[in-house]
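Hello,

I am handing over the structure we talked about, so please open it and keep it beside this note as you read.

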Amino acid sequence: MKKKVLSALLSVAMVSSLLIGCGASEETTSAAPADDANAEETEAVDADVEFEAGEGQVYYLNFKPEQDEQWKALAASYTEQTGVPVTVVTAASGTYEETLAAEISKDEAPTLFQVNGPVGLANWADYCYDLTGSDIVSNLTSDAFALKNGDEISGVAYVIESYGIITNVELLEKAGYTVGDIQSFADLKKVAEDITARKDELGFAAFTSTGMDGSSDWRFKTHLANLPIYFEYQADGISDTQAIKGTYLDNYKQIFDLYINNSTCDPKELASKTGDDAENEFAEGKAVFFQNGSWEYGNLTGKGMTDEQLYMIPIYVGEGEESMQGLCTGTENYWCVNNEASDEDIASTLAFINWCVSSDEGTQAMSDMGFTIPFKDAKLAANVFISQDAAYTAAGKNPVSWNFTTMPSEEWKNGVGSALTAYAAGTGDWDAVVSAFVDGWASEKALAQ
């Protein structure tokens, strides 16, 4: 049963504060504007927005392995300042749902977890605390970033991201091209196949490995699969469906074929290729193109790549007005607070996430993670991919929306992924991919009814 928690406390908890800096006393400080006589003293104590730390603890089950260390550092800083224990546990890539299912039933369950949109919420709605009236919701820049379940707000988007084909500009130029030469699928195919033809001469491949290991397959069974869904939704004027038609699966096939036939390895090897393999191949200059997102920026620059080397182009699949296509931009990342946690833990969790998106330290850390956050006090991330996405939009390019939040289930994704893996290995055909996509969609949607 959903807890009836903090109705009175919430009106006070986020307005006053124990968070007054390391080594400071635990005396609560009013968040009301200081008068002129006390303004200088108040600013000296804490320039950040102030929060009620609470007497509970926070356990965050993090979805993003690439930000594991940064989340743990931020949590440690918050604990040092407030005394509130914040534990960050990061699920291995591709295992979040299974990890959450295992952890949520424990005595010390996550107080903060993630769902990936309406479909993900359907699995976890019974555990979601109603965030209506909380400060984290009031800090959103738009109601569109509140994930609703009926009249309740069950989650809030905490990051807006973009993905596409990350390009090593230096290698591309060595091959005789610029990013301006690639404005369509036909252009991309021409460039990729030319690089493959001269692979030995150039010393690098067109694409990184299209790894179908669990740490990497989400790039293709989810992110790449978004493209045929997006174009079908656009053509039919819908935002979801119980029965996907697969109108644009030929487009899906041709981009997947381009990836697997022009990469660093033989397609038969892809079943065992990991996300790390692809990332390392790209960072080490072994391939020009790497399908991934803005979240990869820190990893790539951490491996020595520079802003001047990096550019993200759209994933062209030979459909629509490609010269006006932008990056795939959206979110599947929604924070939810566990309503089965104690009152104290819920209060502390709400305080922690609001601090993350409103305080100077929290918003700077989120920016350093490469996040564009949909909150009023957000800081612009020093992330070249985010700047490039903004430039596409400013130039009138149309971003491709994230429609994979409507995918029926993780089981559907796994079915598509298995079929793609068999197809790449030559042990399965494309008809099996179509069946997994279309028939699997209908059956999984029916199960969700």
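Below is what was found in it, one region at a time.

This is a predicted model, in which local features need pLDDT of at least 70, side-chain atom pairs count only at pLDDT 80 or more, and totals for chains, interfaces and linings use all residues. Residues are numbered from 1 along each chain as its sequence is written, and side-chain values use heavy atoms, with hydrogens and water left out.

Because 6 of the 6 residues of β10 are buried, the strand is largely enclosed by the rest of the structure. Buried means under 20% relative accessible area, exposed over 50%, and partly exposed in between (1.4 Å probe, protein chains only).

Which strands join β10? Strand β6 (residues 161–168) runs antiparallel to β10 and is joined to it by 3 bridges, with Tyr163 opposite Cys328. Strand β12 (residues 398–400) runs parallel to β10, with 2 bridges between them; here Gln325 has Asn398 as its bridge partner. Two strands pair if DSSP finds at least two bridges between them.

Next, look at Phe437 in helix α19 (residues 430–447). Phe437 is buried, with a relative accessible area of 1%. Its C-alpha atom is separated by 9.6 Å from that of Gly417, 20 residues apart along the chain.

Finally, find Glu308 in the loop between α14 (297–302) and β9 (310–313). Glu308 is exposed, at 63% relative accessible area.

Happy exploring!

Notes. Helix = DSSP H or I, 4+ residues; strand = E, 2+ residues; numbered from the N terminus.
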